[in-house]
Amino acid sequence: MPARLFLSSGDLMADRRYEFARDLQLKGDLVAAADLLEQAVELAPEFASAWFTLGEIRRQLGEREAATAAFHEARAADPDDHHGATLYLMQLGAEEISAMPSAYVQVLFDQYAPRFESALVGDLGYRGPALLFKAALSVRSAAKKPAHFRRAIDLGCGTGLVASAFAGNVDRFVGIDLSPRMIEKSRATSFYAELEVADMLRGLRGKPETSADLILAADAMVYVADLAAVLSEAKRVLAAGGLFAFTAETHAGEGVIIGEGLRYAHAAAHVRAAVEAAGLKLPLLEDRSARNEDNIPVPGLVAVASKT
Ligand SMILES: C[S@@+](CC[C@H](N)C(=O)[O-])C[C@H]1O[C@@H](n2cnc3c(N)ncnc32)[C@H](O)[C@@H]1O
């Protein structure tokens, strides 16, 4: 994963204690690391990086209440929440499931961009674009329609792997992504006629009605809690007969949860209900994993929703 985000406290002594604490954390001496971080936040009470790391360590130590308090402090010190304290608060059950902070997603993928493809495709066996390609073609073939699309929108386009997979089947690609550095990578591919740095929902809202035949989101809905909002906007933007194909991570329970990897996992029944509520059909919903973790496929879904 990307390098850790560090926001200086502005106090040299506090920053030094943070650095020592990180060394100790990496060596596994969590108690000593927590002690140093407590000293750091005493010196600099609004030191978001120290509060966040203290939250992580207390969580690792099984100190739920203390971890929750530290994550609250991290977010109070940095309301945009670049570290993603909100995700841990949701995971600890201290807060309801809500949207991921945009600043966190941006930092995560801006840092990740230079080695995204080697890390995801190389190390994690990433196969999201290939799964979407196969699923979209299979739905088209079952409907006895050509697998060619004039206008496609790639939500969370990242470095452009989806447009590369669909290049022979799409005339014009628009890419939308929150991370400027990921967009730079996509731009370098020349697969996209248009690229936009935006939240996918905001990006979709800016598109005219019935202006796309295909919408794709590979490994991107795992960063979206509220599928319903994106699905209903997708329905507006799709032309009749258009498809919205996406991957998701999933779990055996109900609704949406934050998984160990700090991504949302949507239950299959939840995906089905959200697609139906948006007024779309669901010609394909299959158990398919888009990536591995520790060499084990992460439970996942591939879905193709269609507009009649
Ligand atoms: C794991 S990458 C997948 C990239 C690409 N779809 C692929 O298959 O290689 C997830 C991408 O989604 C983007 N992303 C996450 N949440 C987003 C949101 N709400 N709006 C737009 N982009 C988002 C991230 O910045 C990142 O580039």
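Q: In which strand does Arg 151 lie?

A: Happy to walk through it. This is a predicted model, in which local features need pLDDT of at least 70 and side-chain atom pairs count only at pLDDT 80 or more, while totals for chains, interfaces and linings use all residues. Residues are numbered from 1 along each chain as its sequence is written, and side-chain values use heavy atoms, with hydrogens and water left out.

Arg 151 lies in strand 1, residues 149-155 (strands are DSSP runs of E, at least two residues, numbered from the N terminus). Arg 151 counts as partly exposed because its relative accessibility is 24%; the class runs between buried, under 20%, and exposed, over 50%, with a 1.4 Å probe and protein chains only. Ser 211 is 60 residues away from Arg 151 in sequence, yet their C-alpha atoms are 7.3 Å apart in space. A polar atom of the Arg 151 side chain lies 3.4 Å from the backbone oxygen of Ser 211.

Now to the ligand. Of the 20 residues around the ligand, those that come nearest are Tyr 126, Gly 156, Asp 177, Asp 199 and Met 200 (around means a heavy atom within 4 Å). A polar side-chain atom of Asp 199 lies 2.9 Å from a ligand nitrogen atom, and a polar backbone atom of Met 200 is 2.8 Å from a nitrogen atom of the ligand. For Ala 218, a polar backbone atom is 2.9 Å from a ligand nitrogen. On its own the ligand has 590 Å² of accessible area, and the protein covers 99% of that (Shrake-Rupley method, 1.4 Å probe).

How values were computed:
Helices (H or I, at least four residues) and strands (E, at least two) are DSSP runs, numbered from the N terminus. A polar contact is a pair of N or O atoms within 3.5 Å; within protein, one must be able to donate a hydrogen and the other to accept it, and residues adjacent in sequence count only if both atoms are side-chain atoms.
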